[in-house]
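Here is a short report for a first look at a protein model. Please keep the sequence and the 3D view open while reading.

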Amino acid sequence: MGHRLHVGRNVLDHQLLDRDGRRCGNVDELAIEGGPGERAEVVAILVGPGWWAQRAGLLGRLAGWIGGSGRTRIPWSEVEKVDSAVWLRRTAPEYGLGRIDDRLRPYVERIPGARR
């Protein structure tokens with residue numbers, strides 16, 4: 001993408017949207033490469049309860065039990081743009097994403113204001 005981002009503020013824990021604008025999870029972790037004295041670079045987005053559970057303690061283990069221990073690695077080159085969300089170049093099913101969101105959507109849509 002060629003520009004600098006504050007990954008902690010602009011990427012981590014943000015909503016993932018596929019190329020059609022479909023919500024398909026959150027950025028749970030980032031894979032960063034670069035050794036001591038080298039430039040650190042984000043190389044992949046890590047998505048799924050298996051990644052999130054690692055840093056969330058007891059709550060993470062509970063979420064992993066409910067949502068499974070799935071882990072998806074999306075190369076950073078698949079990121080189209082970053083604004084209030086992280087937009088991906090392809091559809092959610094092509095990455096194996098969105099299954100939990102699909103299961104929860106009927107319940108979430110009942111919440112006032114959730115369809116915005």
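## The model

This is a predicted model, in which local features need pLDDT of at least 70 and side-chain atom pairs count only at pLDDT 80 or more, while totals for chains, interfaces and linings use all residues. Residues are numbered from 1 along each chain as its sequence is written, and side-chain values use heavy atoms, with hydrogens and water left out.

Helices (H or I, at least four residues) and strands (E, at least two) are DSSP runs, numbered from the N terminus.

Strand S6 covers residues 79–82. S6 pairs with S7 in the antiparallel sense, over three bridges. Two strands pair if DSSP finds at least two bridges between them. Val82 has Val86 of S7 as its bridge partner.

Lys81 and Trp87 also meet. The charged end of Lys81 sits over the Trp87 ring, 5.1 Å from its centre. The rule asks for NZ of Lys or CZ of Arg within 6 Å of the ring centre and within 35 degrees of the ring normal.

## The largest nonpolar core

A nonpolar core is a set of buried Ala, Val, Leu, Ile, Met, Phe, Trp, Tyr and Cys residues joined through side-chain atoms within 4.5 Å. Buried means under 20% relative accessible area, exposed over 50%, and partly exposed in between (1.4 Å probe, protein chains only). The largest such core has 17 residues. Leu16, Ile45, Val86, Leu88 and Leu97 touch the most other members. Strand S4 (41–47), S6, S7 and H3 each supply at least two residues of this core. S4 gives the largest share, three residues.

Contact means heavy atoms within 4.5 Å.

Thr91 lies in the loop between strand S7 (86–88) and helix H3 (92–95). Is Thr91 buried or exposed? Thr91 is buried, because its relative accessible area is 14%. Its side chain joins that of Glu94 in a polar contact of 2.8 Å. A polar contact is a pair of N or O atoms within 3.5 Å; within protein, one must be able to donate a hydrogen and the other to accept it, and residues adjacent in sequence count only if both atoms are side-chain atoms. Not counting residues up to four places away in sequence, Thr91 touches Asp18, Arg19 and Asp20.

His14 sits in the loop between helix H1 (7–10) and strand S1 (15–17). A polar atom of the His14 side chain lies 3.2 Å from the backbone oxygen of Leu12.
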